[in-house]
Amino acid sequence: MSRYVNMADISRPSASPGASPLFLREDEIRRGVELLYFGYTRLTNAIDQELAKQGLGRAHHRALYFIARQPDLTVGELLRLLAITKQSLGRVLKELHDRELVVTKTGALDRRQKLLRLTDSGAALEAELFAQLRERLSAAYVTAGQESVTGFWHVLEGLVPESDQQMVFDLRQDKS
């Protein structure tokens, strides 16, 4: 059964009451941390089985996701997006190359640059994983309603350091 993403699902009440006027108290902050943790864990559990079948993990998925969002992303840009060490990224990219999910080409202007792009099979895997994430997140968005989704985005944006905000903005397709 398909659902319209722009309509609130009022048949399922929220397990969370509205935020307390004392939303900066420790208990309220802990509730937010717990909801972020459990929500993210349950969201990514949706794709863990498929990743495991491929012999891949969440780090591989994150790399595939960002390379799909920005074809010809440089290794340096991916390092910054993922906020991991060169050594960790090197292992991830080697496995993705070995499985023929990612290809690297030399930069046209700077031959030292390595530009990353998904292969057809890499794009297919990333699309399959994203479809599972989209299904879960869309269902949660429908339940929460448009205003809550906007508020959720504002909270998450508030967690992104100012120095990284442009990098996050650059991922958006609509740039609005």
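Predicted model: local features only at pLDDT ≥ 70, side-chain atom pairs only at ≥ 80, totals over all residues.

Biologist: Let's zoom out. How many helices and strands does the protein have?

Modeller: Seven helices and three strands. Both are DSSP runs numbered from the N terminus: H or I for at least four residues is a helix, E for at least two is a strand. Along the sequence the pattern goes α-α-β-α-α-β-β-α-α-α.

Biologist: And what share of the contacts is between residues 24 or more positions apart?

Modeller: Counting contacts with a separation of 6 or more, 53% are between residues 24 or more positions apart.

Biologist: What percentage of the residues is buried?

Modeller: The protein has 176 residues, and 26% of them are buried. Buried is under 20% relative accessible area, exposed is over 50%, and partly exposed is in between (1.4 Å probe, protein chains only).

Biologist: Which residues of helix 2 are buried?

Modeller: In helix 2, the buried ones are His60, His61, Ala63, Leu64, Phe66 and Ile67.

Biologist: Now the core. How many residues are in the largest nonpolar core?

Modeller: The largest nonpolar core has 25 residues. By nonpolar core I mean buried Ala, Val, Leu, Ile, Met, Phe, Trp, Tyr and Cys residues joined through side-chain atoms within 4.5 Å. The residues with the most contacts inside this one are Leu64, Phe66, Ile67, Leu78, Leu93, Leu96 and Val102.

Biologist: Which elements give two or more residues to that core?

Modeller: Helix 1, helix 2, helix 3 (75-82), helix 4 (86-98), strand 3, helix 5 (120-144) and helix 7 (165-171). In soluble globular proteins, nonpolar side chains tend to be buried together.

Biologist: Switching to charges: how many salt bridges does the structure hold?

Modeller: There are seven salt bridges in the structure. A salt bridge here is a side-chain nitrogen of Lys or Arg within 4 Å of a carboxyl oxygen of Asp or Glu.

Biologist: Give me one from a helix. What does Lys53 pair with?

Modeller: Lys53 forms a salt bridge with Glu50, and their closest N and O atoms are 3.3 Å apart. The two both sit in helix 1 (residues 26-53), three residues apart, which is about one turn of the helix.

Biologist: Is Lys53 buried or exposed, and is Glu50 buried or exposed?

Modeller: Lys53 is exposed, at 66% relative accessible area, whereas Glu50 is buried, at 12%.

Biologist: And what does Lys105 pair with?

Modeller: Lys105 forms a salt bridge with Asp72, with 3.8 Å between the closest N and O atoms. Lys105 is in strand 2 (residues 102-106) and Asp72 is in the loop between helix 2 (58-69) and strand 1 (73-74), so the pair ties together parts that are 33 residues apart in sequence. Lys105 is partly exposed at 45%, and Asp72 also counts as partly exposed, at 25%.

Biologist: Which residue's side chain meets Asp72 in a salt bridge of 2.8 Å, N to O?

Modeller: That's Arg117. Arg117 is partly exposed, with a relative accessible area of 37%. Through shared partners, the salt bridges join Asp72, Lys105 and Arg117 into one network.

Biologist: Last stop: where is Thr74, and what does Thr74 touch beyond four places away in sequence?

Modeller: Thr74 is in strand 1 and is buried, with a relative accessible area of 12%. Leaving out residues up to four places away, Thr74 touches Gln113, Lys114, Leu115 and Leu116.

Biologist: How far is the C-alpha atom of Thr74 from that of Lys105?

Modeller: Their C-alpha atoms are separated by 9.6 Å, with the two residues 31 apart along the chain.

Technical notes
Residues numbered from 1 in each chain as written. Heavy atoms only, no water. Contact = heavy atoms within 4.5 Å.
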